[in-house]
Amino acid sequence: MRGILRNPVRRMERAGLRTGLRWKLSAAIALVAGLVAVVLSLVVHNAARVSMLDNARELANDRLVLAQRNYELNRGPVFPYVKVDDPELPDALRESVGRSRRASDVSRHGEDPDIWAAVPVKGGHVLSVHMHLPDRSVDMLRDLDQALVIGSVAVVLGGSALGVLIGGQLSRRLRKAAAAANRVAKGETDVRVREAIGGVVRDETDDLARAVDAMADALRQRLEAERRVTADIAHELRTPVTGLLTAAELLPPGRPTELVLDRAKAMRTLVEDVLEVARLDSASERAELQDIMLGEFVARRVAAKDPDVAVRVVHESEVTTDPRRLERVLFNLLANAARHGRPPVEVSVEGRVIRVRDHGPGFPEELLAEGPSRFRTGSKDRAGQGHGLGLTIAAGQARVLGARLTFRNVRPAGTPAGLPSEGAVAVLWLPEHAPTNTGSYPVLPVSGAG
């Protein structure tokens, strides 16, 4: 279950490009602000231009009315901007004048628009007024365009700054929530995500934090229930298994007796291991620390356990640890190497690091990715006897010691992925300083390369 919770997150982190929420939000706000600013600028520019052209057409019509009166009185144009039968008069306006008494038009023959106004007069002539947009209006329109451009840039910059500010606050809350969730995943059961993010404003981040807290509580209760059930079952089996083993020892010598004793001892070992896992999961185990010379300790314990295992002390070091738990971790690693690997099994001590290597097919990919899992003995390449609790207990005892236990396979550079490994290596990294707050907790650490 714990591996299922961890690995999809890793795959998603590797699959996509990591980007900050504040920059995404800033870019979105800046884009929307830019679009709105451009649309409003176009609307304002067109509205101002249409208004100025309408005013110019009205001015042209007023001048045309005055010129028409003067023409009818004086029989000739009296203003320089008034012409009779102007050859440059647009054809469309000329046709409109023929159908009505007066007409106006706006045409473009260059950068500035031309404003025309025409009216038919006696004798079949056409009196027309030709003028351009006043320079003051052109300057005002250009000033307006410049102001709109500056305003649009300011809106985009302001929107970006606002996006960074809002996104930064939201990102900080989410990062605090993620950090608190990671602490919960590492076994700190007293951490609450909602309290970690703080703040008095209720938003979706608070809903997410409360949902994570509820999920963590439910998972914690489920793990505790599983631990209690496992411990109760193992405890109830302890007495009858002990009686069975005692009764088997009273049987007459022979092959059947040996088989019964062997199975009874295996069952007693299983019950003891299950009880040990339950104690480790209960977060009640504490290390009893002593100062030991690590290389000498490992050499003596390995020689007593299996004289055929070679021990190499590269660098001696004095460490502060729990000898009983360290011995338990070491023996479980040796038993796993002997059961699932191939000889020779080698142990090396270098400073505070202990390595146990065999020359078998290597650890299963599931173990390398997710860490040890109880009651899983290995893949088809590393199958064997056992109930799959050895590495789980070793990892739990390592946590009590404040140490880190990692696993990797020995594979020369350039070896194809389909070929088997040339051995498996378990590495125990003891802490540099004496652990001050060590203890067991029901979360397995992520295994990595050693």
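Below is a short exchange on how features of this predicted model get their labels.

Me: Why are phenylalanine 363 and phenylalanine 407 called an aromatic pair?
Reply: The cut-off is ring centres within 6.5 Å. The centres of phenylalanine 363 and phenylalanine 407 lie 5.2 Å apart. They therefore count as a pair. The structure holds one aromatic pair.

Me: What makes the pair of phenylalanine 363 and phenylalanine 407 edge-to-face?
Reply: The angle decides. Planes over 60 degrees apart count as edge-to-face. Here the planes stand at 75°, so the label is edge-to-face.

Me: Where in the chain do phenylalanine 363 and phenylalanine 407 lie?
Reply: Phenylalanine 363 is in the loop between β9 (353–358) and α10 (365–370). Phenylalanine 407 is in strand β10 (residues 404–409).

Me: Why do arginine 255 and glutamate 258 count as a salt bridge?
Reply: A salt bridge needs a side-chain nitrogen of Lys or Arg within 4 Å of a carboxyl oxygen of Asp or Glu. The closest N and O atoms of arginine 255 and glutamate 258 are 3.3 Å apart. That meets the cut-off, so the label holds. Both residues lie in helix α7 (residues 255–281). They are three residues apart, about one turn of the helix.

Me: Why is arginine 255 called exposed, and why is glutamate 258 called partly exposed?
Reply: Exposed means over 50% relative accessible area. Arginine 255 has 55%, so it is exposed. Partly exposed runs from the buried cut-off of 20% up to that value. Glutamate 258 has 48%, so it is partly exposed.

Me: How do you know that glutamate 327 and arginine 301 form a salt bridge?
Reply: The closest N and O atoms of glutamate 327 and arginine 301 are 2.5 Å apart. The limit is 4 Å, so the two form a salt bridge. This pair links distant parts of the chain. Glutamate 327 is in helix α9 (residues 323–340) and arginine 301 is in helix α8 (residues 294–305), 26 residues apart. Glutamate 327 has a relative accessible area of 25%, so it is partly exposed. Arginine 301 has 23%, so it is partly exposed too.

Me: What makes arginine 355 and glutamate 350 a salt bridge?
Reply: Their side chains meet at 3.7 Å, N to O. That is within 4 Å, so the pair qualifies. Arginine 355 is partly exposed because its relative accessible area is 23%. Glutamate 350 is partly exposed because its value is 42%.

Me: How many salt bridges does the structure hold?
Reply: The structure holds five salt bridges. Those of arginine 255 with glutamate 258, glutamate 327 with arginine 301 and arginine 355 with glutamate 350 are among them.

Me: What makes arginine 404 count as lying over the ring of tryptophan 429?
Reply: One requirement is that CZ of Arg is within 6 Å of the ring centre. Arginine 404 lies over the face of tryptophan 429, at 4.9 Å from the ring centre.

Me: Why is helix α11 called largely enclosed?
Reply: Buried means under 20% relative accessible area. Ten of the eleven residues of helix α11 (residues 390–400) are buried, so the rest of the structure largely encloses this helix. The buried residues include Leu391, Ile393, Gln397 and Arg399. Glycine 402 follows α11, with a positive phi near 75°.

Me: What makes the peptide bond from proline 343 to proline 344 cis?
Reply: Its omega is near 0°. Proline 344 is found in the loop between α9 and β8 (346–350).

Me: Why is glutamate 432 called exposed?
Reply: The cut-off for exposed is over 50%. Glutamate 432 has 58% relative accessibility, so it counts as exposed. Glutamate 432 lies in the segment after β11 (424–429).

Note on methods
Residues numbered from 1 in each chain as written. Predicted model: local features only at pLDDT ≥ 70, side-chain atom pairs only at ≥ 80, totals over all residues. Heavy atoms only, no water. Phe/Tyr/Trp six-rings, centres within 6.5 Å; stacked < 30°, edge-to-face > 60°. Helix = DSSP H or I, 4+ residues; strand = E, 2+ residues; numbered from the N terminus. Lys NZ or Arg CZ within 6 Å of the ring centre and 35° of its normal. Buried < 20%, exposed > 50% of the residue type's maximum accessible area, 1.4 Å probe, protein only.
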